[in-house]
Amino acid sequence: MNEHLMRRLAKPMLFAAAFIWGSSFFIMKGAVDVIPTFYLLAARFTGGAALLALVCWKKWKEFTPDYLWRGAVIGAFLCTAYSVQTFGIQWTTPSNNAFLTAVYCVLVPFLYWAVMKRRPDCWNILAAVLCVTGVGLVSMNGGFHIALGDGLTLIGAFFYAAHIVAVAKVSPGKDIYLLTVFQFAFAALYAWIGGLLFQTPPPAEIFRMDLIVQMAYLTIMCTCVALLFQNVGQVWSDPASASIILSLESVFGVLFSVICYGDPVTPRLMAGFALIFVAVVCSETKFAFLRRGKRGVPAGEPE
């Protein structure tokens, strides 16, 4: 496929990734009510690793043994992030889960500072202030305490941010697709171990057609297709546009949760969601798309 066509497809692919991931929150809420968390994630990551390994079969000639420890490290962060977030969704609404998970975008620059000594700038600090305010509006109920599900979701967001930093630390010089196969495989292994140690396996009779369809969607669309769309879309799109489009995941998460799950939406929640969304855009883009437009460069076009 030529470069011009890929650039035209990049933004639709990013939009599709945000749409798919946004739709996953209420589906996860329904699935986790039936399947124990670790077994749900074990099935999802096992299927994701197998499918991605098949898609990337030409990459296997680049395999070296150090892919194993690298995959084990980032797989541990990925499994922890998904596990805590999925436990959190049992005690909060899918819409809260969607927006609070987006906090990871704001946390990443500060974790980079701690690990790689790269100081956050004023935009990162502004984003943090907006985000903390938004989180307070969304998750504090009747006093200065955070509901259990919202608190777990925020911890999950921290581990998502840690996963991004870990990938940046261990992935240079390695094929990201092949490395992703191993992170999925190790995340699946950790989830199977967690399930066997701490949870009762789900009975076979629960796997009716509707649940199988939900699991297939989470595995194929949310784990493999959306990840592929994100990787390809970011390569062929400018960072500012890509970040804005991907941050729509949380907006779609609320939209699907309200329409399909019946989540209540109050003015306080909407104000909190708006602040978190602006914080994510601020952290990811530093509002460069607005400054470009003022200089006469069309917003969304690389300079």
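Predicted model: local features only at pLDDT ≥ 70, side-chain atom pairs only at ≥ 80, totals over all residues.
User: How many helices and strands in the protein chain?
Analyst: Twelve helices and zero strands. Both are DSSP runs numbered from the N terminus, helices being H or I with at least four residues and strands E with at least two.

User: And how much of the protein chain is buried?
Analyst: Buried residues make up 50% of the 303 residues. Buried means under 20% relative accessible area, exposed over 50%, and partly exposed in between, with a 1.4 Å probe and protein chains only.

User: How do H2 and H3 cross?
Analyst: The axes of H2 (residues 37–55) and H3 (residues 66–89) come within 10 Å and cross at roughly 135 degrees. Axes are lines fitted to C-alpha atoms, for helices over the stretch in contact, and angles run from 0 to 180 degrees between N-to-C directions. That makes H2 oblique to H3; under 35 degrees counts as roughly parallel, over 145 as roughly antiparallel, 65 to 115 as roughly perpendicular, and the rest as oblique.

User: Which residues of H2 and H3 meet?
Analyst: From H2, Thr37, Phe38, Leu40, Leu41, Arg44 and Phe45; from H3, Leu78, Tyr82, Ser83, Thr86 and Phe87. Contact means heavy atoms within 4.5 Å.

User: Switching topic: how many residues in the largest nonpolar core?
Analyst: That core has 42 residues, and those with the most contacts inside it are Ile35, Leu40, Phe45, Phe184 and Leu218. A nonpolar core is a set of buried Ala, Val, Leu, Ile, Met, Phe, Trp, Tyr and Cys residues joined through side-chain atoms within 4.5 Å.

User: Which helix supplies the largest share of this core?
Analyst: H1, with ten residues.

User: What does phenylalanine 184 touch?
Analyst: Leaving out residues up to four places away in sequence, Phe45, Gly48, Ala49, Leu52, Leu78, Thr223 and Leu227.

User: Glutamine 183, then: buried or exposed?
Analyst: Glutamine 183 counts as buried, at 7% relative accessibility. Glutamine 183 is in helix H8 and touches Gly71, Ile74, Gly75, Leu78 and His163, again not counting residues up to four places away in sequence.

User: How far is glutamine 183 from phenylalanine 77?
Analyst: They are 106 residues apart in sequence and 9.2 Å apart in space, C-alpha to C-alpha.

Definitions and conventions: Residues numbered from 1 in each chain as written. Heavy atoms only, no water.
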